[in-house]
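Me: Hi, could you walk me through this structure? I'm new to it, so please keep the terms clear.

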Amino acid sequence: MKQHRILSLLLAVCMLTCLLCLPALAAAADDQTNEAPAAQQAFSVNAKAAMLVDLNTGRVVYEQNADERIYPASLTKIMTCLLALENGNLSSIVTVSESALADLDPNSSTAGLQVGEQMTLENMLYCMMIPSGNEACNAVAEHIAGSVSDFVRMMNERAYELGCENTHFSNPHGLHDEDHYTTARDLVKITQAALKSENFKQIVNTAEYELPATNLSEPRTLKTTNQLLVKNSNNSFYYSRAMGIKTGYTSAAGRCVISCAKDDGMYFLAVVCGADTTVLENGDLQMESFPECIRLFNYGFDQFSYVTAVSPLYPIAQVSVSNSAGSEVVALAPASDIKVLLPNGYDDALLVQQIDLTAQTVEAPVRAGDVLGSVSISYDGELLGTTNLLAIADVARSEISAAASNTGTYIQQNWWKWIVIVIVALVVMCLALFLALQVRKRRERLLRLERRRRALEQRERQRRFGGFDDDDV
């Protein structure tokens, strides 16, 4: 009896322990399941504003204060370079004027240009984008628009055309002005427009450039301010995936950088604005925009992957085909791939495929490649891509079936005409019947008159001949 009590007590203790441990085990399982999303949600950039955009799809992967006004500093030069490439001739000669060097902060970045110095517009753009020469910006502005003020007007007009909703430029170089501002999102729009130019991509992805001799200078080497591109043993911020683009700094703007990075088919644009400057133990200054930009790139490469949501190789819908000589349905496949960038370990339930058909039934003939609908892909309510749905095969037309169908359709669409025809036919039949009856009545009347006439004649003969007919004599 005592042993049974002890065993019962031990069993109860074991069950209680299991019950206490279950919530902890479930929580641990949930933590393991949500590990990737938690890592993504915890990520942040140590800067005033930041954005990471997938250039292959245009999707915003990460944003932080993307619509908050910031000072762009020399990131302004991206717009200046864009306008020069769109409106200038790279082989034309640009002359540095006195006004191009006037009113510049003597401590600001320059390319060492002199009044009267001449070079091609292409080389002037290298002076502007590689060492971030402010005087080169003014020289380019005067060359393109005739004056800096007119060029600034062009900058603001182009920003408006690109859909920039919170940007205003006051100069072509980015030296501080309270009325010279933008946002990270607007900077993305400007940079995406500039990246359409191969000349722009070549210029901003150059770490060193040998500037040819000019009328006032021997050949010189221009070195980039973008440490992401500088490959040497003393630079810990070299990033092998990086491709350009531009740095910026003023005390009001903080450390800024915009850059691209490409690896294994992934292509990102990163914007970091308003990062700090750190004084190291050895007294050197560390521009925190570069490590923060690297962190932002690594976040994209490590936490996201491409997923092919739909492919032309796989039909995803079908429509009925009327009046066909063969198949009564035709399959539809996407016109192109829709590849979307999704977080690793994404929730399948949040990836939604929306199919919109032009009609549930189409009429033959159908040709392969006919657009018969569209498909859209969204994730967690965000539309990520749309493409047409195309017929994958020909469907011939049956003329007999079409004729029968057309007759039936005509009857259905013109039923009132048939009612009118029936009414007219009934009226005609009634009139014909009425006429027939009238003819019959007339004939009967004529017959009665004829019989009466004969009866009278017979009676007259009987009276004349004493009641005997000729046949009785």
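Reply: Happy to! Two strands count as paired if DSSP finds at least two bridges between them. Strands (E, at least two residues) and helices (H or I, at least four residues) are DSSP runs, numbered from the N terminus. This is a predicted model, where local features need pLDDT of at least 70 and side-chain atom pairs count only at pLDDT 80 or more, while totals for chains, interfaces and linings use all residues. Residues are numbered from 1 along each chain as its sequence is written, and side-chain values use heavy atoms, with hydrogens and water left out.

Me: Great. What is the strand order in the open sheet of six?
Reply: The order is β16-β18-β19-β14-β13-β17, and the pairing is mixed. At the edges are β16 (351–357) and β17 (361–363), which each pair on one side only. On average, neighbouring strands of this sheet are turned by 30° against each other, direction ignored. Angles run from 0 to 180 degrees between N-to-C directions, with axes as lines fitted to C-alpha atoms, for helices over the stretch in contact.

Me: How do β13 and β17 pair?
Reply: They run in the parallel sense over three bridges, with β13 covering residues 317–322. S320 sits opposite T361 of β17.

Me: And what about the sheet of five strands?
Reply: That open sheet is antiparallel, in the order β2-β1-β9-β8-β7. β2 (60–64) and β7 are its edges with a single partner strand each, so one side of each has no neighbour in the sheet. The twist averages 5° from one strand to the next. Helix α10 packs on this sheet and touches β1, β2, β7, β8 and β9, its direction making about 145° with that of β9. Contact here means heavy atoms within 4.5 Å.

Me: Where does D54 find its bridge partner?
Reply: In β9, at F268. Strands β1 (residues 49–54) and β9 (residues 266–275) pair in the antiparallel sense over six bridges.

Me: Switching topic: how much space is in the largest pocket?
Reply: About 420 Å³. It has 25 lining residues, and S74, S109, G248, Y249 and T250 are the closest to its centre. On a 1 Å grid over the protein atoms alone, a pocket is an open set of points with protein on both sides within 12 Å along at least five of seven lines; a cavity is a set where a 1.4 Å probe fits but cannot get out, and lining residues have an atom within 4 Å of a point. Points are joined across faces, edges and corners, and a volume is the space filled by probe spheres set on them.

Me: Which element gives the most to that pocket's lining?
Reply: β7, with five residues. At least two residues each come from β7 (242–250), β8 (254–263) and α10 (289–303).

Me: Last one: why is α3 described as largely enclosed?
Reply: Because nine of the eleven residues of helix α3 (residues 77–87) are buried; among them are K77, C81 and L85. Buried means under 20% relative accessible area, exposed over 50%, and partly exposed in between (1.4 Å probe, protein chains only). Of the protein's 473 residues, 40% count as buried.
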